[in-house]
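Visitor: I would like to go through this structure with the criteria in hand. Please set each value against its cut-off.

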Amino acid sequence: MHLTRSAGAELFREGLRLHHVRRILEEGSGCPRSRRKIGIVERCLAWQDRNYKAVVAESYNFSLGEHCWVVIHLKSVKKP
């Protein structure tokens with residue numbers, strides 16, 4: 001899994017690490033009212049006192065010669 005520059009900044013701002021993003025993707029569910037293009041996955045997870053949203057896109061790493069996932073967005077919202 002790789003990060004875009006903006007997703008890395010969002011991850012840092014939220015105080016999270018890549019293993020947290022992995023947990024959101026594995027344990028989360030599809031987000032309501034969100035439509036994404038083919039090849040882009042968006043997952044939401046209610047965890048601790050916040051709702052987290054992670055968006056990843058399928059990509060290709062030419063250096064390694066294999067498909068990979070790139071985190072393109074990460075957001076958290078305090079639960080109401």
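Guide: Start with burial: a residue is buried under 20% relative accessible area, exposed over 50%, and partly exposed in between (1.4 Å probe, protein chains only). This is a predicted model, where local features need pLDDT of at least 70, side-chain atom pairs count only at pLDDT 80 or more, and totals for chains, interfaces and linings use all residues. Residues are numbered from 1 along each chain as its sequence is written, and side-chain values use heavy atoms, with hydrogens and water left out.

Visitor: Why is Cys44 called partly exposed?
Guide: Its relative accessible area is 21%. That falls between the 20% and 50% limits, so Cys44 counts as partly exposed.

Visitor: What makes Cys31 buried?
Guide: Cys31 has a relative accessible area of 11%. The limit is under 20%, so Cys31 is buried. Cys68 is also buried, at 12%.

Visitor: How do you know that Cys31 and Cys44 form a disulfide?
Guide: A disulfide is a pair of cysteine sulfur atoms within 2.5 Å. The sulfur atoms of Cys31 and Cys44 are 1.8 Å apart, so the pair qualifies. A search of the whole structure finds one disulfide. The link of Cys31 and Cys44 is right-handed, with 110° about the S-S bond.

Visitor: Which parts of the chain does the pair link?
Guide: Distant ones: Cys31 is in the loop between strand 2 (29–30) and strand 3, Cys44 in strand 3, 13 residues apart. Strands (E, at least two residues) and helices (H or I, at least four) are DSSP runs, numbered from the N terminus.

Visitor: What makes Arg22 and Glu26 a salt bridge?
Guide: The criterion is a side-chain nitrogen of Lys or Arg within 4 Å of a carboxyl oxygen of Asp or Glu. For Arg22 and Glu26, the closest N and O atoms are 2.9 Å apart, so the pair passes. Both residues are exposed. They are four residues apart in helix 2 (residues 18–27), so about one helical turn separates them.

Visitor: How many salt bridges does the structure hold?
Guide: Four. Among them is Arg23 with Glu27, at 3.1 Å, N to O. Arg23 is partly exposed at 31% relative accessibility.

Visitor: Why is the contact of Lys53 with Glu42 called a salt bridge?
Guide: The closest N and O atoms of Lys53 and Glu42 are 3.4 Å apart, within the 4 Å limit, so the pair counts. Lys53 lies in strand 4 (residues 50–61) and Glu42 in strand 3, so the pair ties together parts that are eleven residues apart in sequence. Lys53 is partly exposed at 23%, whereas Glu42 is buried at 9%.

Visitor: How do you know that the buried residues of helix 1 line one face?
Guide: In helix 1 (residues 5–14), Ala7, Glu10 and Leu11 are buried. Seen down the helix axis, the buried residues fall within an arc of 100°, so they line one face. That arc is taken from the directions from the helix axis to the C-beta atoms. The face turned away carries the exposed residues Arg5, Phe12 and Arg13. Just after helix 1, Gly15 takes a positive phi of about 75°.
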